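Visitor: I would like to learn how to read a fold by its helices and sheets. Can you take me through an example?

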Amino acid sequence: MADFSQIIAGKTGFIDADREWLHRLVSDWQVIADLSFADLILVIRNDDGDYVVADQCRASTVVSVLMEDLIGQPVAAEIVPAIESAYSNRVVARLDHYRMVGNNTVCDVFAPVIRDDRVLGVVIRETNMATRVGNGRYELECIQTGKRLFSMISLGRFPYQETLISERPNDLRVSDGFCVLSGEGIIEYASPNAISCYRRLGEQGELVGRYLAEVTTDQIHERDTVPESLSYVLSGKSGAADSELDTSRASLAMRSLPLYNAQSQRDGALVLFRDVTEVRRREVELQTKDATISEIHHRVKNNLQAVSALLRLQARRTKSDEVRAELQEAQRRISTIAAVHEGLSQSADETVDFDTIIPSLLRMSVDVAEERGQNIGVHFVGEFGSMPAQDATPLSLVLTELVTNAVEHGFEGRTEGTITISAGRGGNSLDVVVEDDGNGMDTESENGMAKASGSGLGTQIVQTFVTNDFGGTIRWEPNHPHGTRVVLKMKLRAAQ
């Protein structure tokens, strides 16, 4: 089934600016549907001269008449004359009768979409007449304001040409609260939720009949931060504008939508409100938590580096070559874990980009293990992706052990060689291949495991983490034309 972008992309005669206008229309038209308690349907004329549904919008404030998606389908023959009237006359058109959609009695109104004096399509407002029974003041104000916005489509005034988007965009809805301003910025109507927003700020007086700018600035104190965009929202005289007011009592997100009359003159504004106090409080808590966790990882990394330095000093002082080798191995493993915590200290979501830390770790392993005069290269294919420390720490140890094993045993007596690490990631499934062009499998493996040297701890690390922690398998096989190939198949435990 074709989607909105495909439908308008395939329409000849549209320039990029036309398509952008329609994209902005369907991006902003939810407020019209919610205020009107009605569904909206965008119809365009295709290259064959037929009318098809390009997009639709269901109201979130009332039960929708649109039970199925109509995008890409032809419109009902009954409403084609009204659509053609809107196209040709460039004014809002109506059917002279209600029609039945399923079991619902529907009133259809048709507004041509005007841009630069050209008709791009028609927006149909479908109202279930059952929702027009027993309406109170709130419903009547919503409907009246919705009609004003809807008529602006045919004036080329909606969507707005000028917008001022906040750095902290909020999804404001009619149900969160709104008020209607006069051309002078005086509040003509305030919904119950809008009144509640201002009560939260500290305003206890009547809102209607007062300037919105005055009501709002009365609640701003000396230490409160006032964004530059706030004045645009409170006046309602610019294009669509977003802002957010953070005071010592509450945080209030706002969006103003200027209203224009039939002569295309600005004569008021709709201002949407949303109380985001709790949202901002939780954001601060999360930022504090993230900073604390990051500091913990940073201190763990520092402590591990201190331990690594002590081991390095001890290795230099010992006279036993065997003890020195074991201390150097321990130092390398601790440095590996420290590198993971360093990556975590720079992340805000407790995950580490494994592709950024593993190259330096493996290069370090090669430098430590290779003999003087050797030149062993390390290459990477594919991506490991991001993962939490629960997976990153053991995986980094496994890979450094395998690379160290390849250098110590696979390239013994050789001056140069290459180790290639290939990774394939799909969700929590991870396949890794470590291959070299060394002396061959007999020099690197023993009984299907890494060949042990010293205490054999490296062999135990690889086998334990791969089989027990990752529930995976490890397979050693010859690499052609020569060398060794280690194939790992693992399931990451904590990765998403």
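Visitor: Which residue in β11 is the bridge partner of Asp 242?

Guide: Arg 255 is the partner. Keep in mind that this is a predicted model. The pair belongs to strands β10 (residues 240–246) and β11 (residues 251–260), which run antiparallel and share six bridges.

Visitor: What packs on the sheet there, touching β11?

Guide: Helix α5 does, and it also touches β8 (178–182), β9 and β12 (266–275). The direction of α5 makes about 55° with that of β11. Helix α6 (residues 192–201) packs on the sheet too. Its contacts are β8, β9, β10, β11 and β12, and its direction makes about 65° with that of β12.

Visitor: In what order do the strands of this open sheet lie?

Guide: The order is β7-β10-β11-β12-β8-β9, six strands with mixed pairing. At the edges are β7 (163–164) and β9 (187–190). Each has a single partner strand, so one side of each lacks a neighbour in the sheet.

Visitor: Now helices. How do I read the faces of one?

Guide: Start with the general idea. An α-helix has 3.6 residues a turn, so residues three or four places apart point the same way. Now the case of α4 (residues 80–89): its buried residues are Ala 82, Ile 83, Ala 86 and Tyr 87. Seen down the axis of α4, they fall within an arc of 140°, so they line one face of the helix.

Visitor: Which exposed residues does the face of α4 turned away from the buried side carry?

Guide: Pro 81 and Ser 88. The buried residues of α4 pack against β1 (39–45), β2 (51–57), β3 (93–94), β5 (104–115) and β6 (118–128). After α4 comes Arg 90, with a positive phi near 60°.

Visitor: Which residues are buried in α2?

Guide: Asp 18, Arg 19, Trp 21, Leu 22, Leu 25 and Val 26. Their arc around the axis is only 155°, which puts them on the same side of α2. Asp 16 and Ser 27 are exposed on the other side. The packing partners of the buried residues of α2 are α1 (4–9), β1, β2, β5, β6 and α5 (137–153).

Visitor: What span should the 13 residues of α2 have?

Guide: At 1.5 Å a residue, helix α2 (residues 16–28) should span 18 Å. Its end C-alpha atoms are 18 Å apart, which agrees.

Visitor: Back to sheets. How many strands are in the open sheet that includes β17?

Guide: Five, in the order β14-β16-β17-β21-β20, with mixed pairing. The edges are β14 (375–382) and β20 (473–478); each has a single partner strand, so one side of each is without a neighbour in the sheet. Neighbouring strands are turned by 15° against each other on average, direction ignored.

Visitor: In which sense do β14 and β16 pair?

Guide: Parallel, over eight bridges, with β16 covering residues 416–426. There, His 379 stands opposite Thr 420 in β16. By contrast, β20 and β21 (residues 484–491) run antiparallel, joined by six bridges. Glu 477 has Arg 485 in β21 as its bridge partner. The hairpin of β20 and β21 has five residues between the strands, and Gly 483 takes a positive phi near 115°.

Visitor: Is Asp 436 buried or exposed?

Guide: Buried, with a relative accessible area of 3%; the cut-off for buried is under 20%. Asp 436 sits in strand β17 (residues 429–436). A polar atom of the Asp 436 side chain lies 2.8 Å from the backbone nitrogen of Gly 438.

Technical notes: Residues numbered from 1 in each chain as written. Predicted model: local features only at pLDDT ≥ 70, side-chain atom pairs only at ≥ 80, totals over all residues. Heavy atoms only, no water. Helix = DSSP H or I, 4+ residues; strand = E, 2+ residues; numbered from the N terminus. Buried < 20%, exposed > 50% of the residue type's maximum accessible area, 1.4 Å probe, protein only. Polar contact = N/O pair within 3.5 Å; in protein donor to acceptor, adjacent residues only side chain to side chain. Pairing = 2+ DSSP bridges. Axes fitted to C-alpha atoms, helices over the stretch in contact; angles between N-to-C directions. Arc of directions from axis to C-beta. Contact = heavy atoms within 4.5 Å. Expected span 1.5 Å × (residues − 1).
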